[in-house]
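Look over the sequence and the fold, then read on.

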Amino acid sequence: MSNLPADLQEQLNTNMKPLLSYDTSLKAKDHSADKHLFKCRDGAHLESVLLRSGKRRTICLSTQVGCALACKFCHTGLAGFKRNLSPGEIVEQVLHIKREEPDRISNIVVMGMGEPMLNYNQLMIALRQINSPDALGLGARHITISTSGVKGGILKLAEEPEQWGLAVSLHAPNDELRTELMPINKSLPLKELMIEIDTYIKKTKRRVSFEYIMLGDTNSSEKEARELLQLLKGKLCHVNLIPYNPVPTLPFSATSLKKIQRFQDILVRGKIPCTTRFEKGQDILAACGQLAHKKVEKESCSK
Ligand code: SAH
Ligand code: SF4
């Protein structure tokens with residue numbers, strides 16, 4: 001900003017340092033994704049991803065360093081919880097990536113490291129800045145928050161004046177299996193989770209996305225597809241099947257494409273819209289959190 005007086009420029013340079021700095025960036029050979037590892041001022045690391053698909057440019061944001069919910073298949077969960085990100089650290093992920101990307105950022109998904117509902121207030125401040133016409137001006141309907149289902153979180157979201165989108169990480173169609181995979185299910189079992197989701201749908205009239213990772217023999221047989229169909233019947237929803245990104249040291253494997261297709265067919269025949277999300281940039285997109293974890297392991301400040 002050369003139109004500012006030189007001493008003010010100097011002051012800004014000294015005092016207004018970015019909160020995040022680039023550590024490592026990986027770019028997919030097919031240009032479909034960039035993955036960035038950012039370093040915070042206190043040395044913590046977090047990941048953000050830019051996904052390109054047609055004209056869509058989607059940024060996947062992190063909300064926490066690590067995650068306390070310890071889902072059994074998740075690399076971020078494995079590393080445990082370190083701290084919440086501040087609104088500035090959340091917004092800066094967008095600013096850094098936006099500055100590098102020539103095309104307009106069209107969507108944001110809060111699906112990076114951490115559980116958004118456990119950093120709710122800070123996230124709302126950040127999303128409002130991203131949403132504000134005075135700042136980034138990205139419409140709330142283009143911003144989706146993904147949650148594992150923390151008691152009361154979805155109800156709070158339903159009360160917000162903005163039309164934020166909701167994605168729910170389901171991953172199992174019954175309480176027994178879901179509790180095994182996602183300990184948070186003990187405090188918000190499926191019946192109660194579905195009540196919160198129904199309230200959100202009624203209030204916002206928006207379609208909810210259910211994320212369902214296909215975990216080999218664990219949750220992707222025809223039996224689970226039928227159970228899922230029963231659970232979701234009549235809901236304004238969409239199911240996203242996600243091929244699992246295997247995490248070294250964890251005992252889960254990916255489901256075969258044939259089995260994924262069979263699972264999808266059962267849902268679609270039962271009138272539940274269902275698609276399979278093939279991850280972009282497979283050469284760089286190891287499971288969320290792996291890049292940060294590797295870094296932290298190297299610096300041996302993690303478990
Ligand atoms: N904590 C929130 C948002 C971050 S996780 C949540 O759980 O929804 C974002 C998504 O990535 C979730 O659906 C999560 O289950 C999924 N995920 C985690 N580990 C994965 C892996 N190894 N392969 C594929 N998806 C994974
Ligand atoms: Fe946390 Fe989401 Fe990973 Fe579960 S899947 S441990 S909630 S980041």
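Ser-86 sits in a loop, with strand S6 (81-84) on one side and helix H3 (87-100) on the other. This is a predicted model. The relative accessibility of Ser-86 is 25%. Buried means under 20% and exposed means over 50%, with partly exposed in between. Ser-86 therefore counts as partly exposed. Leaving aside residues up to four places away in sequence, Ser-86 touches Leu-19 and Gln-122. Leu-123 is 37 residues from Ser-86 along the chain, yet their C-alpha atoms are separated by 7.9 Å.

**Two loop residues with positive phi**

His-171 and Thr-249 each lie in a loop. His-171 is found between strand S9 (165-169) and helix H6 (175-181). Its phi is near 65°, a positive value in a residue other than glycine. Thr-249 lies between S11 and helix H10 (257-269). Thr-249 is not a glycine either, but has a positive phi of about 80°. Are these residues buried or exposed? His-171 counts as buried, because its relative accessibility is 4%. Thr-249 is exposed, with a relative accessible area of 73%.

How many of the seven residues of strand S11 are buried? Seven of the seven, across residues 237-243, so the strand is largely enclosed by the rest of the structure. Both faces of S11 are covered. On one side the buried residues are Cys-237, Val-239, Leu-241 and Pro-243. On the other they are His-238, Asn-240 and Ile-242.

S11 pairs with strand S10 (residues 208-214) in the parallel sense. Seven bridges link S10 and S11. In this pairing, Ile-213 stands opposite Ile-242 of S11. S11 also runs parallel to strand S12 (residues 274-276), joined to it by three bridges. Here Asn-240 stands opposite Thr-275 in S12.

**The S1-S2 hairpin**

Strand S1 (residues 20-27) and strand S2 (residues 33-40) pair in the antiparallel sense. The two form a hairpin, with five residues between them. His-31 is in the turn and has a positive phi of about 70°. Within the pairing, Ser-25 stands opposite His-36 in S2.

| Strand pair | Sense | Bridges |
|---|---|---|
| S1 and S2 | antiparallel | seven bridges |
| S10 and S11 | parallel | seven bridges |
| S11 and S12 | parallel | three bridges |

**The whole protein**

Now for the wider view. The protein has eleven helices and twelve strands. Its radius of gyration is 20 Å, close to the 19 Å that the globule rule gives for 303 residues, so the protein is as compact as a globular protein of that length. Taken along the principal axes, the C-alpha atoms fill a box of roughly 70 × 45 × 40 Å.

Of the 303 residues, 53% count as buried. The protein exposes about 14600 Å², and carbon and sulfur atoms supply 54% of that area. Among contacts with a separation of 6 or more, 68% come from residues 24 or more positions apart. The protein carries 43 positive and 33 negative charges.

Key. Residues numbered from 1 in each chain as written. Chains lettered and ligands numbered in written order. Predicted model: local features only at pLDDT ≥ 70, side-chain atom pairs only at ≥ 80, totals over all residues. Heavy atoms only, no water. Helix = DSSP H or I, 4+ residues; strand = E, 2+ residues; numbered from the N terminus. Rg over C-alpha atoms; globule rule 2.2 N^0.38 Å. Buried < 20%, exposed > 50% of the residue type's maximum accessible area, 1.4 Å probe, protein only. Contact = heavy atoms within 4.5 Å. Areas by Shrake-Rupley, 256 points an atom, 1.4 Å probe, with all protein chains shown as cover. Lys, Arg positive; Asp, Glu negative; His and termini not counted. Charge placed at Lys NZ, Arg CZ, Asp CG, Glu CD. Pairing = 2+ DSSP bridges.
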